[in-house]
Amino acid sequence: MSNIILIGFMGSGKTSVGSQLAKKLAFQFKDTDRIIEDNCGRSIKSIFAREGEGFFRELETKTVKDLIDKAENHVISVGGGLPVQPGNGELLRQLGHVIYLKTSRDTIIKRLSGDTTRPLLSGDNPKEKVESMLKLREPLYEAAAHLTVITDDRKIGDIIEEIIRRTGVIQ
Ligand code: S3P
């Protein structure tokens, strides 16, 4: 299995950890949100606003299927809602070694405060939204992942070392 897939809630550090992990392994780094934005020529926010969440979720699944055909020696971070859609956990496990970056509610709220790019957290009561979405999603992240790595109060370098050690990606 040559790819490493990072899953987790918005703000769990998938992109920061993923890009540095890829550098360390001399792998290519990809992020499903960026692939979708590049293909559509528009932001996630605009896709949600114009075509709706259902359309975005179809694009996410199609993106994973394309990567299964093409990606080798990649680190891939995926949008926080992607592993939650039925069938996607199984597709991610076909794509590579799936790591869940687990982050507490309080850390997520701190990291995302003031964020305006994530449509699912816009509007009133973002804290309550994080709390209820996390409750629903955590068991699904755990079920999709081969292993779970806690990220709270840790340096990116430590998280990367744990991933390398536990996946055995460098022999
Ligand atoms: C979403 C997470 C976002 C992005 C979209 C929906 C979600 O990605 O895909 O806003 O449903 O959790 P990040 O997890 O990279 O923020």
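A: What follows covers the ligand site, then a pair of strands. The model is predicted.

Start with the space itself. The ligand takes up the largest pocket. Around the ligand there are 14 residues. Those that come nearest are Lys-14, Asp-33, Arg-57, Arg-118 and Arg-137. By element, helix 4 gives the most to this shell, with three residues. Helix 4 covers residues 53-70.

Arg-118 has a side-chain N or O atom 2.6 Å from an oxygen atom of the ligand. For Arg-137, a polar side-chain atom also lies 2.6 Å from a ligand oxygen atom. Asp-33 places a polar side-chain atom 2.8 Å from an oxygen atom of the ligand. Then the cover: the ligand taken alone exposes 390 Å². The protein buries 95% of that area.

Next, the strands. Strand 4 spans residues 97-102, and it pairs with strand 5 in the parallel sense. Four bridges join the two strands.

Strand 5 runs over residues 147-150 and has two faces. Leu-147 and Val-149 make up the covered face. Thr-148 and Ile-150 make up the uncovered one. Why this every-other-residue pattern? In a regular strand, side chains alternate between the two faces of the sheet.

How values were computed
Residues are numbered from 1 along each chain as its sequence is written. This is a predicted model: local features need pLDDT of at least 70, side-chain atom pairs count only at pLDDT 80 or more; totals for chains, interfaces and linings use all residues. Side-chain values use heavy atoms; hydrogens and water are left out. Buried means under 20% relative accessible area, exposed over 50%, partly exposed in between (1.4 Å probe, protein chains only). Two strands pair if DSSP finds at least two bridges between them. A residue is near a molecule or strand if one of its heavy atoms lies within 4 Å of it. A polar contact is a pair of N or O atoms within 3.5 Å; within protein, one must be able to donate a hydrogen and the other to accept it, and residues adjacent in sequence count only if both atoms are side-chain atoms. Accessible areas come from the Shrake-Rupley method with a 1.4 Å probe; for residues, only the protein chains shown count as cover. On a 1 Å grid over the protein atoms alone, a cavity is a set of points where a 1.4 Å probe fits but cannot get out, and a pocket is an open set with protein on both sides within 12 Å along at least five of seven lines; lining residues have an atom within 4 Å of a point. A molecule sits in a cavity or pocket if more than half of its atoms lie within 2 Å of its grid points.
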